[in-house]
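Keep the sequence at hand.

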Amino acid sequence: MTDIIQLLPDHVANQIAAGEVVQRPASVVKELLENAIDADATSIKLIVKDAGKTLIQVIDDGKGMTTTDARLSFERHATSKIKSAEDLFQLNTKGFRGEALASIAAIAHVSLKTKTEDAELGTEIIIEGSSVKSQDAIVTPKGTSVAVKNLFYNIPARRNFLKSDAVELRHVIDEFHRVALVHQDIGFLMYHNGNELFNLPKSNYRQRIVNVLGGKTNEKLVPVEEETEVLKLQGFVGKPQFAKKTKAEQFFFVNNRFIKSAYLNHAVNSAFEGLMKDGYHPTYFLKLTVDPKSIDINIHPTKTEIKFDDEHTLYAIMRSAIKHSLGQFNVAPVLDFDRDANLDTPYNYQDKRAAVPSIEVDRSFNPFKDEVSTSKKESFSYHKKDNTAQWESLYVGLDRQEPSGLKNIEFESDSSTDSMFKDEDSKHGQTTFQLQKKYIVSTIKSGLLVINQNRAHQRILYEGLLKSITVDESVSQQLLFPLKLTYSTTDFEIVKQLKGDLECIGFVFDELSDNDITISGVPVNLTEGEVSIVLEELIADVQQEVPDDNFSITDLMAKSLAKSMAIKSGQPLTVEEQEHILNSLFACKEPSVTPTNKVTFITMSSEELDKKFV
Ligand code: ADP
Ligand code: MG
């Protein structure tokens, strides 16, 4: 038999390596930013087009490369950062494998411009798919600029695998955050499609966190500081009352490198024990400095996991340091008059304010046709109670059609839904009553019906919202005073992405700029005080869903809003309200379950009841 093994040509080997190093535009951003930092840059500019699919460029003012180094930098295993195996244990740079540039050049059009301090002229190299197209001496400032264009142009399968621009941009921003947060002594600029997203001047750590996350971050931070033989800990945790529903604001940096550690995260959580509601996560920005020898760097270049020699000690130190800080800064309530009261409301969600009188603008009013407006008019003829504002929600976007959906569910003896509630019992007036402010009980022909009010309302709202988004615009109420909300850049991008859908369900945005949004109209079933909570929960849900990407943003939004807007257990309901939940529920396409598949009602037949009395 002839020999069959051969060495792969370099460009093939590079493409294979690229598969590991470069998963998406964000991976390129990470590698280029890290190279700029390793080159001792003091200011770094990141320019991205189409979420990095078209262009990712990083310009730094670091030490630059000589012509020979510039050429070598694209070779695999070409690195200036380690010379021998021992160096691996004293690593102070981000890179050391010498793989990133070679990998990136294998799968994109790359142009590199670089110049060292003392050179007269710089070097420009253009590489496409691992082959050098040109190399020239050029005039360029000290430092390096790497432009990566048309990522995966020669691997269509990978290019097609990329997600929407919104999703990829979020990954890019996450990567940018992870680098920029911890290098406060370097100035960063980031542009996307010509718009400046971040301008982060050199500053201290606290100021950097505030600049990155924006808004009212400053007042939320509690400093944490500890120094022992094995660990220097420095940074901030968020006050418990500002805990978030997502883990988006949790950052560990070990020797200035972002890492994830479930174990250390547990240490932080345990320090917050008893201070936070279930389902909320503390915010933290913690820098750990340890001896490089005590961590295992032999990890995959793109992974963020890490192995410490002595995790248990780190755990104990972190836990007690954070507890101590929280104790010092949090036990006594802080007098803070500037605080945004809206941020506190998740804990008093039930104590909603009464609806603010508002001007109704029915933009879709059509006297000849519009069923939405008909049902809305009806809603005003009811005796108003304190919670009318919420109550109106039951009518929004719902056709008052015959409950045809009922035909799909199995009610033993009911052949026609029309007759279902026209039982003899109903002739005596009241047909429903509320049990423990949680259930609506009614009779049906075959026996007894028990509806979970919160779940039923979720279903009703969900279908109404989906309908508003996909079919017709919903009605909106104008706010007396426009509401201004400030978001972090990441959250702001999410709101921008959802803007269209939010408008369909009744939000009116006056302005979206500089991380601020101004809202002048909201859906009729939402009170002004609820707006910020509902949006925050929506953002949290979208953020949480993003990693698997396999979802329809519209559906997710409808689910999230339905959940946060639905009347809760514990809410007393008038008979009219009960009846309308019942009717609206059975007018739904899928009345038996919530959007997240939980049972909305149960029935009990008279036979079953009979059995109980044997
Ligand atoms: P690594 O960072 O693991 O060494 P890379 O492929 O990322 O490998 O880079 C290869 C080499 O190119 C680096 O070791 C460094 O010497 C040089 N280099 C890359 N980017 C820059 C930059 N922005 N400024 C100066 N030198 C750079
Ligand atoms: Mg590198």
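Predicted model: local features only at pLDDT ≥ 70, side-chain atom pairs only at ≥ 80, totals over all residues.

Begin at ligand 1. Its shell holds 18 residues, and the closest include Asn-35, Thr-79, Ser-80, Lys-81 and Gly-98. Sorted by class, that shell has 8 polar, 6 nonpolar and 4 charged residues.

Now look at polar contacts. A polar side-chain atom of Asp-60 sits 2.9 Å from a nitrogen atom of ligand 1. The side chain of Thr-144 also places an N or O atom 3.2 Å from a nitrogen atom of the ligand. With Ala-100 the backbone is involved: one of its N or O atoms lies 3.2 Å from an oxygen atom of ligand 1. How much of ligand 1 does the protein bury? Alone, the ligand exposes 530 Å², and the protein buries 92% of that.

Turn next to the largest nonpolar core. It counts 60 residues. Those touching the most other members are Leu-32, Ile-44, Val-148, Phe-176, Phe-188, Met-190 and Phe-285. Helix H2, residues 25-38, supplies the largest share of this core, with 7 residues. Where does the core lie relative to the domains? Domain 1 (10-202) and domain 2 (213-328) both contribute residues, so the core lies between them.

Finish at helix H7, which spans residues 205-213. At its start, a side-chain oxygen of Asn-204 comes within 3.3 Å of the backbone nitrogen of Arg-206. The buried residues of H7 are Tyr-205, Arg-208, Ile-209, Val-210, Val-212 and Leu-213. Just after the helix, Gly-214 adopts a positive phi of about 70 degrees.

Technical notes:
Residues numbered from 1 in each chain as written. Chains lettered and ligands numbered in written order. Heavy atoms only, no water. Near = heavy atom within 4 Å. Polar contact = N/O pair within 3.5 Å; in protein donor to acceptor, adjacent residues only side chain to side chain. Areas by Shrake-Rupley, 256 points an atom, 1.4 Å probe, with all protein chains shown as cover. Nonpolar A, V, L, I, M, F, W, Y, C, P; charged D, E, K, R; others polar. Core = buried A, V, L, I, M, F, W, Y, C linked by side-chain atoms within 4.5 Å. Buried < 20%, exposed > 50% of the residue type's maximum accessible area, 1.4 Å probe, protein only. Helix = DSSP H or I, 4+ residues; strand = E, 2+ residues; numbered from the N terminus. Domains from an automatic or database assignment.
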